[in-house]
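Please work through each task before reading its solution.

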Amino acid sequence: MEKKENAMGTKKVMPLLISMSVPPMISMLIQALYNIVDSMYVARISEDALTAVSIAFPLQNLIIAVSCGFGIGLNACAARGLGAKDEKEVKSAAAHGFWFCGIHWLLFVLMGLFLTGPFLRGFTDDPQIYKMSCEYTQIVLCFSIGGMYHLYSEKLFQATGSMILPMIFQGVGAVFNIILDPILIFGWFGLPAMGVPGAAIATVASQILAGILSMVFFVKKCKEIPICLKGFRLDKNMLRKIYTVGIPSAIMMSLPSVLVAALNSVLAAFSATAIAVFGLYIKIQTFVYMPANGVIQGMRPIMSYNYGAKNRKRMKETLKASLKATGVIMAVGTVIFLAFPQAIMKLFDANEEMMKIGVPMLRIIGAGFLISTVGCVLSGVFEALGKGVQSLTVSLLRQLVIIVPLSVILSRVLGLYGVWLTFPAAELIAAFAGCVLYRNFMNKLKL
């Protein structure tokens, strides 16, 4: 533990950031790959099947948002405790995280059983699309326990500076999902063809496998953060610390769900194809934002540790290095989306109408990727510092407050082009607001 703590406090920032970012970056690229593969297989069933999975996205993403948001709060508490050498704080964070992951899962089971139908009914009148979407969503919600405990152990691993093992477990789960998808969807090797529900079963099975592996190895290998459940007592102060970051982070990560739900209502006025194409964008853009998020995951424990150690100089160095690394990823994403939109759409057997909608969509939204560097990084910095409200403010501007009302207005004037133009506009406003909030925070910081 001493060696890892010294590394986060003394090693040159850029090499340290890269060493801590590459494993989660690879892990998230694999995650993005199997999300894309999911959609590619489902698209071969029918356009209705693709639409069914697209309207299920908000509830599916909500699981990740709650799990990962809570994990980020847990990560910040554990990393600050390690930086301050407060063993009691670290143990308390791990124990509270374990029990409340279970509580979150039970809530999602109830949601899957009782709220799935009413929610999805608001987005389609087609009985076949509704049926497929309900089946997919209920399976994903009710069996979400594997993904939740995988993210719990992943964030605790990352708090210690250990990034390799979480990457391996994520990769194992992703590869298992890629293999299992066509077998269950199309009924290979004598199994019945399950269609869309088969994709859901493959997803939850891979998450459960990754969760079991991750928890077993965490208990055996991660001695810096022991999970002590015996004699557990609820500590309201610890919950406050975790949820002060966790709730805004969860809200922030659930914003794509809210955004997709809101924009689906706007896009429904044009066509079901527009909804399906936008659903593809949400999956495709993960190839850009997940690697960028890998950098932010690597940055968080470094920033939290040095904040706990009261090292202002390294905090500034970490921010600069994170902006540079994330900017490179976003620049590459911009070039790909501007230069090769047709090739991207062809991966999903896009017909002429899908091409007509998808090509300009990818180019217009992709133009805002580079601008989003500032908002993405500063939001992650605020999370690492325990400033959940500031992080949420930046994310709300990026993903909801600007896009939804502006898309309603511009869609009436410019059609679908107006919807897509709201994305780069929101990134620009969020970047400016994030800079102002960060400057104000640093001016008041006494280190």
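By the rule that a side-chain nitrogen of Lys or Arg lies within 4 Å of a carboxyl oxygen of Asp or Glu, the count comes to 6 salt bridges. The model is predicted: local features need pLDDT of at least 70, side-chain atom pairs count only at pLDDT 80 or more, and totals for chains, interfaces and linings use all residues. Residues are numbered from 1 along each chain as its sequence is written, and side-chain values use heavy atoms, with hydrogens and water left out.

**Exercise 1. Salt bridges within helices**

Task: Determine where glutamate 87 and lysine 91 lie, and state how exposed glutamate 87 is.

Solution. 
Step 1. Helices are DSSP runs of H or I with at least four residues, numbered from the N terminus. Helix α4 (residues 87–114) contains both glutamate 87 and lysine 91, which are 4 residues apart, about one turn of the helix.
Step 2. An α-helix has 3.6 residues a turn, so residues three or four places apart point the same way.
Step 3. The closest N and O atoms of glutamate 87 and lysine 91 are 3.3 Å apart, and the two residues form a salt bridge.
Step 4. Relative accessible area defines buried (under 20%), exposed (over 50%) and partly exposed (in between), with a 1.4 Å probe and protein chains only. Glutamate 87 is exposed because its relative accessibility is 55%, and lysine 91 is partly exposed because its value is 29%.

Task: Carry out the analysis for lysine 131 and glutamate 135.

Solution. 
Step 1. Both residues belong to helix α6 (residues 127–142), 4 residues apart, about one turn of the helix.

**Exercise 2. Another charge pair**

Task: Decide whether glutamate 154 is buried or exposed.

Solution. 
Step 1. Glutamate 154 and lysine 155 meet through their side chains in a salt bridge of 3.6 Å, N to O.
Step 2. Glutamate 154 is buried, as is lysine 155.

**Exercise 3. Length and burial of a helix**

Task: Check the span of helix α11 and state how many of its residues are buried.

Solution. 
Step 1. The expected span is 1.5 Å times one less than the number of residues.
Step 2. Of the 13 residues, 12 are buried, so α11 is mostly covered. Among them are Phe278, Tyr281 and Lys283.

**Exercise 4. Surface patches**

Task: Identify which residues form the negative patch and which make the nonpolar patch.

Solution. 
Step 1. Patch residues have over 30% relative accessible area and no salt bridge; like charges are joined within 9 Å, and nonpolar side chains (Val, Leu, Ile, Met, Phe, Trp, Tyr) within 5 Å.
Step 2. Glu47, Asp48, Glu352 and Glu353 form a negative surface patch. The elements giving two or more residues to this patch are α3 (47–83) and α15 (352–366).
Step 3. Ile103, Leu107, Leu110, Leu113, Phe114 and Leu115 make a nonpolar surface patch of about 620 Å², with areas from the Shrake-Rupley method and a 1.4 Å probe. Isoleucine 103 lies in helix α4 and, at 40% relative accessibility, is partly exposed.

Conventions: Lys, Arg positive; Asp, Glu negative; His and termini not counted. Charge placed at Lys NZ, Arg CZ, Asp CG, Glu CD.
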